[in-house]
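The structure below can be examined by asking what lies behind each description.

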Amino acid sequence: MHIEPGVVNGAKLILSYATAAGASALAVKMAASSLRLNGGIPALAIRSLVTTALVFCFFEILPKYPVGVSEVHFILGSTLLLLFGAGATSIGLAFGLLLQGLLVSPFDLPQYGINITTLLVPLWGIHLLAKKIIPEKTAYVDVSYWQALALSTTYQVGIVAWVAFWAFYGQGFSAENLAAVGSFGFAYAVVILLEPLFDLGVLAFAKIFHKYSSGPLFNNRLHRPAV
């Protein structure tokens with residue numbers, strides 16, 4: 001989901017500053033909701049540190065493949081949301097991406113606004129979707145494969161849509177650019193198929209080891225229904 005340097009250049013980057021501001025406002029809204037409903041400041045702080053570290057590791061350790069206009073990553077956004085909540089996940093995505101740029105890939109920093117928009121807006125989408133498709137009486141450790149698939153698919157489709165937007169915005173609709181965007185979208189189908197299985201595996205592990213996956217480190221909803 002990292003837009004390659006040079007895809008969006010010059011004055012066109014100004015739009016990314018505006019979209020990043022909007023995405024940051026969504027992150028603040030999700031974090032504020034976590035403060036009210038999901039454990040307060042101590043819980044949000046520790047979860048945010050964990051998600052930041054995990055996101056940084058996902059970017060640097062998990063397999064990634066340059067395809068077309070971007071890279072295919074296993075970001076595991078829906079997994080993080082289920083385990084740690086939307087507020088901590090939004091903070092972790094923002095700071096994990098920033099750490100990667102500062103420490104490993106400084107050439108990605110000019111595209112930070114682009115990339116953070118690409119990560120956070122779909123996260124907001126699945127945050128809302130989870131409220132609709134997972135009944136309040138269902139703890140997250142009990143979600144079905146189809147619910148996990150819906151969350152993961154929505155998140156990944158959102159990422160692909162934003163990458164396509166930035167690619168067309170920056171480089172137009174030439175045949176070469178259309179092919180590059182198409183190849184990237186097709187490659188992300190692998191992530192869409194695998195991530196729900198990973199989600200369910202992690203949730204099953206959390207359910208078995210309830211003693212170690214409860215408390216302020218994890219989302220309140222992980223083991224308890226909303227009502």
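**Aromatic rings**

Q: How many aromatic pairs are there when ring centres must lie within 6.5 Å?
A: In this predicted model, the count by that rule is nine aromatic pairs.

Q: Why is the pair of Phe 168 and Phe 173 called stacked?
A: The two ring centres are 4.6 Å apart, and the planes of Phe 168 and Phe 173 meet at 15 degrees. A pair needs centres within 6.5 Å, and planes under 30 degrees apart count as stacked.

Q: What makes Phe 173 an exposed residue?
A: The relative accessible area of Phe 173 is 61%. Exposed means over 50%, so the term applies to Phe 173.

Q: Which residues form one aromatic cluster with Trp 162?
A: Phe 165, Trp 166 and Tyr 169 belong to that cluster together with Trp 162.

Q: How do you know that Lys 12 lies over the face of Tyr 169?
A: Lys 12 is placed at 5.5 Å from the ring centre of Tyr 169. The limit for the distance is 6 Å, with a further limit of 35 degrees from the ring normal. The distance of 5.5 Å is within its limit, and Lys 12 is listed as lying over the face of the ring.

**The largest pocket**

Q: What is the volume of the largest pocket, and how many residues line it?
A: The volume is about 480 Å³, and 20 residues form the lining. Leu 37, His 127, Lys 131, Tyr 140 and Arg 221 lie nearest the centre of this pocket. The elements that give two or more residues to the lining are helix 1 (13-37), helix 4 (86-103) and helix 5 (112-133).

Q: How do the residues of this lining divide by type?
A: Nine are nonpolar, eight are polar and three are charged.

Q: Why is Ser 34 called buried?
A: Ser 34, which lies in helix 1, has a relative accessible area of 8%. Buried means under 20%, so Ser 34 is buried.

Q: Why does Ser 16 count as buried?
A: Ser 16 is found in helix 1, and its relative accessibility is 0%. This value is under 20%, so Ser 16 counts as buried. Ser 16 and Asn 115 are 99 residues apart in sequence, yet their C-alpha atoms are 8.7 Å apart in space.

Q: Why is Leu 102 called exposed?
A: Leu 102, in helix 4, has a relative accessibility of 53%. Leu 102 is 31 residues from Ile 133 in sequence and 38 Å from it in space, C-alpha to C-alpha.

Q: Why do Ile 208 and Leu 200 receive the terms they do for accessibility?
A: Ile 208 is placed in helix 8 (residues 189-208), and Leu 200 is also in helix 8. Ile 208 has 66%, which is over 50%, so Ile 208 counts as exposed. Leu 200 has 23%, between 20% and 50%, so Leu 200 counts as partly exposed.

Definitions and conventions
Residues are numbered from 1 along each chain as its sequence is written. This is a predicted model: local features need pLDDT of at least 70, side-chain atom pairs count only at pLDDT 80 or more; totals for chains, interfaces and linings use all residues. Side-chain values use heavy atoms; hydrogens and water are left out. Rings of Phe, Tyr and Trp (its six-membered ring) pair if their centres lie within 6.5 Å; planes under 30 degrees apart count as stacked, over 60 as edge-to-face and the rest as tilted. Buried means under 20% relative accessible area, exposed over 50%, partly exposed in between (1.4 Å probe, protein chains only). On a 1 Å grid over the protein atoms alone, a cavity is a set of points where a 1.4 Å probe fits but cannot get out, and a pocket is an open set with protein on both sides within 12 Å along at least five of seven lines; lining residues have an atom within 4 Å of a point. Grid points are joined across faces, edges and corners, and a volume is the space filled by probe spheres set on the points. Helices (H or I, at least four residues) and strands (E, at least two) are DSSP runs, numbered from the N terminus. Ala, Val, Leu, Ile, Met, Phe, Trp, Tyr, Cys and Pro count as nonpolar, Asp, Glu, Lys and Arg as charged, and the others, Gly among them, as polar.
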